[in-house]
Every structure is written in structure tokens, then in C-alpha cells.
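Welcome! Take a moment to turn the model around on your screen, and then we will walk through some of its features together.

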Amino acid sequence: MEERLQRPAVMGIVNVTPDSFSDGGAHHDPHAAEAAARRMVEEGAAIVDVGGESTRPGSTGVTLDEELRRIVPVLEALDGLPVSIDTAKAEVARRAIELGAELVNDVTALRGDPELAGVVAEGGAYLCLMHMQGEPRTMQDAPRYDDVASEVTAFLEERLSFAVAAGVPEEHVCLDPGIGFGKTGAQNFELIRRLDVLLALGRPVLVGLSRKSSLGRLFDPEARTGSLAASLGAAVAAYERGASIFRVHDVREHVEALVTAEAVS
Ligand code: HH2
């Protein structure tokens with residue numbers, strides 16, 4: 001797993017949700033999700049991130065049963081492929097690990113479900129801890145920081161200690177500044193510009209910039225998503241500042257852009 005996630009590594013997004021802001025529920029049907037995930041791995045994704053709950057601004061979450069109903073058939077179909085599970089629920093993570101998921105991607109950084117840290121530790125899984133200010137329902141209502149890079153880093157440092165104290169090996173953890181999760185456009189860009197502050201914690205950094213609205217809003221103040229070209233520009237900038245793992249919708253294009261950035265740097 002460590003080798004597969006060497007920088008730059010691409011994580012392909014498979015949202016098994018009817019309401020994702022960025023891909024409009026394109027993979028809601030399990031067969032469509034399976035086909036998309038297989039194509040992403042062929043295109044060079046190091047891992048595919050399967051999620052059954054949207055975290056877009058304003059979303060309110062789904063029940064455990066509904067989340068399991070969405071992701072279990074997809075994980076069964078992807079048996080043998082490198083899979084990550086995007087969930088904050090311990091029971092979803094437990095089922096996913098049983099079905100072969102190797103990484104748990106928790107946008108609440110182990111604050112959402114008190115059982116989740118133990119499930120990750122026991123299952124020997126890798127873990128992504130992401131920063132979020134507030135919760136998806138309200139997070140974009142006037143986010144505020146005195147110093148966004150230091151505050152996000154201090155939060156993730158504390159969450160990393162929490163995970164390690166719960167038995168997750170530090171070498172299994174990657175950190176994510178949470179682009180778009182309770183941040184203005186300017187705060188998102190500052191986090192990328194000052195990625196060195198977060199990198200000083202010594203863990204690989206994962207970034208989710210793909211199609212995020214801050215990118216679209218550079219060109220149109222009403223934009224709800226960013227374009228592919230803007231996503232690639234942001235990914236390359238983040239790569240040059242030290243990011244390792246890139247959570248993206250368009251795998252082939254990001255692999256080409258990042259392999260090129262690596263070759264010329
Ligand atoms: N962004 C989204 C969801 N999960 N996980 C991590 N670690 N980092 C992110 O930046 C991140 C994430 C939101 O994007 P998307 O999956 O495209 O949409 P939705 O949450 O609506 O399914």
C-alpha cells in the first residue's frame with residue numbers, strides 16, 4: 001500500500017450517491033459504479049474511493065442502512081481492486097474492510113463516530129484524516145480563521161495523535177486540509193500555497209481539488225463546480241508544493257498531468 005500511494009498517486013472518486021455536487025450522481029447504479037471504478041484503475045488510479053454519502057455544502061447525511069445498501073454491492077463487485085471507503089460510520093467501515101477496502105477516508109477525522117478509530121485499528125486499514133470547520137449542512141456560512149494553515153495543521157496534528165492513541169499506526173495515516181470544507185476560496189488557495197506548514201507533520205498529504213467550486217469561481221462568481229482544466233492546474237500546483245495523493249474525478253487526465261509534472265521537476 002505504501003508503494004502504491006507514492007507521490008504522485010491518484011485516487012479515483014466513485015460516488016454511489018444520487019446527489020453529489022460534482023458528478024451529478026453519475027455512478028448511482030452499482031453496475032455503473034463498478035464499471036467506472038474498473039476504468040479508473042486501468043487509467044492509472046492507485047486506489048478508488050467509494051462513497052455512499054454526499055458531503056456537499058448543505059447536505060444532511062444518510063442512514064446507516066441506506067449507506068450500506070449503496071456501497072456493499074459496489075465493494076462486492078470490486079473484489080481484488082484497491083479500494084478506499086469514504087465514510088464517517090464505523091459500521092460502514094467495518095463492512096467495507098471485510099469486503100477488502102484498504103483505506104478509510106473520514107471527512108470528520110474520527111469525530112463523527114466514536115467506534116471508527118477502533119475499527120480502523122483492528123482492521124489494519126490505512127486512514128485519511130480530513131479537516132472540516134463546522135458540518136456539511138452549515139460549513140460554508142462565513143468560515144473564519146485567524147491563520148488558516150496553522151489552524152488546519154494544529155487540528156490535524158491533534159487528530160493524528162488521537163488516531164495513534166487508538167491503535168492506528170502513524171505510518172498508516174495521511175492528512176487532508178479539506179479543500180472546500182468550511183473555507184472560502186481564498187482560504188482554500190492559501191492552504192495549497194502554504195502546504196509546507198501541514199507537511200511539517202511528516203505525513204503524506206492528500207488533496208481533493210477536483211471540480212471544487214472555488215476553482216470555478218475564479219472565472220464565474222456563480223459557479224458550482226470547477227472545470228477539468230482548472231482542476232489539473234490546481235493539482236499540479238499542489239504537487240509542486242508537496243502533496244502526495246490526489247482525489248479526482250478524471251483519472252486519465254490527472255495521471256498525465258501529474259506524471260508530466262513529476263518528469264519535469
Ligand atoms: N471531498 C469530497 C468528499 N470527500 N474526502 C477527502 N479526503 N477530501 C476531499 O476533499 C473530499 C472528500 C467532496 O467531493 P465529491 O466527492 O466530489 O462530492 P460529494 O461529497 O458531493 O459526493
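## A cavity and its lining

Strand E8 gives the most to the lining of the largest cavity, supplying three residues. Keep in mind as you look that this is a predicted model. E8 covers residues 245-248, and both this strand and helix H9 supply at least two residues each of that lining.

Which residues line the largest cavity? They are Val-207, Leu-209, Ser-210, Ser-231, Ala-235, Phe-246, Arg-247, Val-248 and His-254. Sorted by class, the lining of this cavity has five nonpolar residues, three polar ones and one charged one. The volume of the largest cavity is about 30 Å³, and the count of cavities of 30 Å³ or more comes to one.

## Helices H9 and H10

Now follow H9 to its partner. Helix H9 runs over residues 228-240 and helix H10 over residues 251-264; their axes come within 10 Å and cross at roughly 35°. The crossing of H9 and H10 is right-handed.

Where do the two helices touch? On the H9 side you can pick out Leu-228, Ser-231, Leu-232, Ala-235, Val-236 and Tyr-239, while H10 brings Glu-253, His-254, Ala-257, Leu-258, Ala-261 and Glu-262. By class, this contact of H9 with H10 has eight nonpolar, two polar and two charged residues.

## Helices H2 and H3

Next, find helix H2 at residues 64-77 and helix H3 at residues 90-98. These two pack at an angle of about 15°, and their axes are 10 Å apart. Angles under 35 degrees count as roughly parallel, so H2 and H3 are roughly parallel to each other. Their crossing is right-handed.

From H2, the residues Leu-64, Glu-67, Leu-68, Ile-71, Val-72, Leu-75 and Glu-76 meet Glu-91, Val-92, Arg-95 and Ala-96 of H3. The contact of H2 with H3 has seven nonpolar and four charged residues, with no polar ones.

## Helices H5 and H6

How are H5 and H6 set, roughly parallel or roughly perpendicular to each other? Helix H5 (residues 148-165) and helix H6 (residues 185-193) pack at about 70°, with 9 Å between their axes. Angles from 65 to 115 degrees count as roughly perpendicular, and H5 and H6 are therefore roughly perpendicular to each other.

In this contact, Val-148, Ala-149 and Val-152 of H5 meet Gln-187, Glu-190 and Leu-191 of H6. Divided by class, the residues of the contact of H5 with H6 are four nonpolar, one polar and one charged.

## An open pocket

How many residues line the second largest pocket? There are 15 of them, and Glu-53, Thr-55, Thr-60, Gly-61 and Pro-136 lie nearest the centre of the pocket. By class, the lining of the second largest pocket has four nonpolar, seven polar and four charged residues.

## Two backbone details

Finally, look at the backbone itself. Arg-7 and Pro-8 are joined by a cis peptide bond, with omega at about -5°. You will find Pro-8 in the segment before strand E1, which spans residues 9-15.

Leu-110 sits in the loop between strand E4 (103-106) and helix H4 (116-123).

How values were computed: Residues are numbered from 1 along each chain as its sequence is written. This is a predicted model: local features need pLDDT of at least 70, side-chain atom pairs count only at pLDDT 80 or more; totals for chains, interfaces and linings use all residues. Side-chain values use heavy atoms; hydrogens and water are left out. Axes are lines fitted to C-alpha atoms, for helices over the stretch in contact, and angles run from 0 to 180 degrees between N-to-C directions. Helices (H or I, at least four residues) and strands (E, at least two) are DSSP runs, numbered from the N terminus. A crossing is left-handed if the near helix is turned anticlockwise from the far one by less than a right angle, and right-handed if clockwise. Contact means heavy atoms within 4.5 Å. Ala, Val, Leu, Ile, Met, Phe, Trp, Tyr, Cys and Pro count as nonpolar, Asp, Glu, Lys and Arg as charged, and the others, Gly among them, as polar. On a 1 Å grid over the protein atoms alone, a cavity is a set of points where a 1.4 Å probe fits but cannot get out, and a pocket is an open set with protein on both sides within 12 Å along at least five of seven lines; lining residues have an atom within 4 Å of a point. Grid points are joined across faces, edges and corners, and a volume is the space filled by probe spheres set on the points. Angles under 35 degrees count as roughly parallel, over 145 as roughly antiparallel, 65 to 115 as roughly perpendicular and the rest as oblique.
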